[in-house]
Amino acid sequence: MGNAGDRLTAQVNTRMAPAVQADQEMTPSMVLALPARAQMSPFADGCRAAALDFVNRVSVRADKHTLAQWLRGPYCRHVVALSPMRTRKVDSSGLLRGALERLMVNARQQVSEAILAARDPSDGVAFGYSALAAGHVYRSRDVDGLEGWVPVSHPRMRLVDRVLSLVAADYLFRSDDYENALFACVRCENLVFDASRAEGRVCAAHQSDVRELVQGAVADPERAIA
Ligand SMILES: [Zn+2]
């Protein structure tokens, strides 16, 4: 009888387990759908492109209209809002020019450092898990059932954390690219993913500059030595 009761309890417990998990789905273990029925790989591409656009263009311009466009466009298309998105909170129109420039210089520096640090596998894992622990990325599944990660937007998130949530979703999906293909161009300082140029650390846009220098050196070796 006791054994049967234990077995019954065990069965009940087993049956209860999914329900308990369902309850826990209100915590960071919940799986979210991607925005706009996207597929995981192009979505991760979009997260990466939006983050690089911030570092390489938006933060350099330090212009409130460029920032607002980025937040409403590339950023918003790649995040899920768990509470209603209040665009006013991320609107930069109230910022004075000098304050905006300082904010953008700091954001560019912090985001660049975090992205480049993720090239180291152990630092990268720490980066990914800190974004997870902070609730800035959640597990996700696309329309085809492929699992990955989706950035989550919170009303009071810092700008740096918004950009890094895009990076984290991409990093957790394919960290190898960070180790093998990511570099800061030595000519323009842009962050670039390009495995074929990672060793020389010169982006495609500046590859021709280098070629001209080399060709100039071949045409006139003395000048090159001087
Ligand atoms: Zn370059």
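Q: What does the chain average in pLDDT?

A: pLDDT is the predictor's confidence in each residue, from 0 to 100. The chain averages a pLDDT of 82, and 74% of the residues score at least 70. Over residues 1–26 the pLDDT is below 50, and beyond near neighbours in sequence this stretch has two contacts in the model; two residues are in contact if their C-beta atoms, placed from the backbone, lie within 7 Å. This is a predicted model, in which local features need pLDDT of at least 70 and side-chain atom pairs count only at pLDDT 80 or more, while totals for chains, interfaces and linings use all residues. Residues are numbered from 1 along each chain as its sequence is written.

Q: How many helices and strands does the chain have?

A: Helices (H or I, at least four residues) and strands (E, at least two) are DSSP runs, numbered from the N terminus. Here the chain has nine helices and six strands.

Q: In what order do the four strands of the open sheet run?

A: Two strands pair if DSSP finds at least two bridges between them. The order is β1-β3-β4-β2, with mixed pairing. β1 (31–33) and β2 (80–81) stand at the edges, each with a single partner strand, so one side of each is left without a neighbour in the sheet. Strands β3 (residues 137–141) and β4 (residues 147–153) pair in the antiparallel sense over five bridges. R141 has E147 in β4 as its bridge partner.

Q: Which strands does helix α6 touch?

A: Helix α6 (residues 159–173) packs on the sheet and touches β3 and β4; its direction makes about 170° with that of β4. Axes are lines fitted to C-alpha atoms, for helices over the stretch in contact, and angles run from 0 to 180 degrees between N-to-C directions.

Q: How many residues of α6 are buried?

A: A residue is buried if 20 or more other C-beta atoms lie within 10 Å of its own, exposed if 12 or fewer, and partly exposed in between; C-beta atoms are placed from the backbone. In α6, 13 of the 15 residues are buried, so the helix is largely enclosed by the rest of the structure.

Q: How are two packed helices described?

A: By the angle between their axes and the distance between the axes. The axes of α2 (residues 40–61) and α3 (residues 64–75) come within 10 Å and cross at roughly 170°. Angles under 35 degrees count as roughly parallel, over 145 as roughly antiparallel, 65 to 115 as roughly perpendicular and the rest as oblique. α2 and α3 are therefore roughly antiparallel to each other.
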